[in-house]
Amino acid sequence: MTAPEQIEVRRLEGEVLREQLDGLAAVLADCVAGGASVSYMAPFSHEDARVAFAGFAREVEAGRRLLLAAFDGETVVGTVQVLLSFPPNQPHRGEIAKLLVRRSSRGRGVAQALMARAEQDARAAGKTLLVLDTVTGDPAERLYARLGWTAVGVIPGYALYPDGRPCDTTVFWKTL
Ligand SMILES: CC(C)(COP(=O)(O)OP(=O)(O)OC[C@H]1O[C@@H](n2cnc3c(N)ncnc32)[C@H](O)[C@@H]1OP(=O)(O)O)[C@@H](O)C(=O)NCCC(=O)NCCS
């Protein structure tokens, strides 16, 4: 399976990232409205999502994370981040966070394209080990297994869905 031809993954930083805050926020708000357990509780507005991404943009500016976005034309349809900043004894480790694809663009390989670029850019940033966690039983779990990630195990009741129901989490790792 290859990335859809019309999808372009770009690394965003600085002014270009700030210009895309509304597009990124729209993807996050859509995912939370769809019930994704990605840190936030309902009700979650576009403005809430914009505040979240403005915070991520500050982290990018500080060199503590990478932020990638998938574009269909000039519209942001997906995004992912690589956390880079860990204690001094883990300089080789990164973490994948906030892999999000808007509902109307799913099932076309957008997430797979984002993950391929995230791993490539993490490697270029000197990372040789990545970790992530995701809701057990959600589509993302299948994606990570398909992309060669190893599941460590399940933590029961780790987080909540936006509506307050508890969900289990599966922890994954991958060497680059
Ligand atoms: C998880 C998530 C990012 C996946 O995004 P996506 O772009 O739909 O992912 P992909 O298209 O790469 O893969 C999804 C499915 O489409 C299939 N697919 C991909 N390209 C395809 C194509 N061209 N034709 C047919 N099927 C295709 C994949 O095989 C996969 O199948 P599966 O569900 O049986 O595993 C998305 O569902 C999402 O944003 N969920 C909410 C947020 C979330 O849970 N994020 C993870 C946090 S860790």
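Which helices and strands each supply at least two residues of the shell around the ligand? In this predicted model, the elements that do so are strand β4 (93-101), helix α4 (110-124), strand β5 (129-135) and helix α5 (139-146). Helix α5 provides the largest share of that shell, with five residues. In total, the ligand is surrounded by 20 residues, and the closest are Leu99, Val101, Gly109, Arg142 and Arg146. By residue class, the shell consists of eleven nonpolar, four polar and five charged residues. The ligand itself is located in the largest pocket.

A backbone N or O atom of Gly109, one of the closest residues of the shell, is placed 2.7 Å from a ligand oxygen. For Gly107, a polar backbone atom is found at 2.8 Å from an oxygen atom of the ligand. Arg106 takes part through its side chain, in which an N or O atom is 3.4 Å from a ligand oxygen. Of the 960 Å² of accessible area that the ligand has on its own, the protein covers 73%.

Lys98 belongs to strand β4, and its phi angle is near 50°, a positive value in a residue other than glycine. Met115 is part of helix α4. Because its relative accessible area is 0%, under the 20% limit, Met115 is classed as buried. The C-alpha atoms of Met115 and Tyr158 are 23 Å apart in space, with a sequence separation of 43 residues.

The phi angle of Ser39 is near 100°, which is positive in a residue other than glycine. With a relative accessibility of 56%, Ser39 is over the 50% threshold and therefore counts as exposed.

Helix α2 (residues 21-33) includes Val32, and Ala25 is likewise placed in helix α2. Val32 has a relative accessibility of 5% and so counts as buried. Ala25, at a relative accessible area of 0%, is buried too. Pairings with residues elsewhere in the chain were considered for each. Val32 and Asp163 are 131 residues apart along the chain, while their C-alpha atoms are separated by 9.7 Å. For Ala25 and Asn89, 64 residues apart in sequence, the C-alpha to C-alpha distance is 34 Å.

Lys174 is a residue of strand β7 (residues 166-175). Although charged by class, Lys174 is buried, because its relative accessible area of 15% falls under 20%. The side chain of Lys174 reaches the backbone oxygen of Leu147 at a distance of 2.6 Å. Tyr161 is situated in the loop between β6 (150-160) and β7. Its relative accessible area of 13% is under the cut-off of 20%, so Tyr161 is assigned as buried. Between Tyr161 and Gly55, which are 106 residues apart in sequence, the C-alpha to C-alpha distance amounts to 22 Å.

Note on methods
Residues numbered from 1 in each chain as written. Predicted model: local features only at pLDDT ≥ 70, side-chain atom pairs only at ≥ 80, totals over all residues. Heavy atoms only, no water. Near = heavy atom within 4 Å. Polar contact = N/O pair within 3.5 Å; in protein donor to acceptor, adjacent residues only side chain to side chain. Areas by Shrake-Rupley, 256 points an atom, 1.4 Å probe, with all protein chains shown as cover. 1 Å grid on protein atoms, 1.4 Å probe; cavity = no way out; pocket = protein on both sides within 12 Å on 5 of 7 lines; lining within 4 Å. Sits in = over half its atoms within 2 Å of the grid points. Helix = DSSP H or I, 4+ residues; strand = E, 2+ residues; numbered from the N terminus. Buried < 20%, exposed > 50% of the residue type's maximum accessible area, 1.4 Å probe, protein only.
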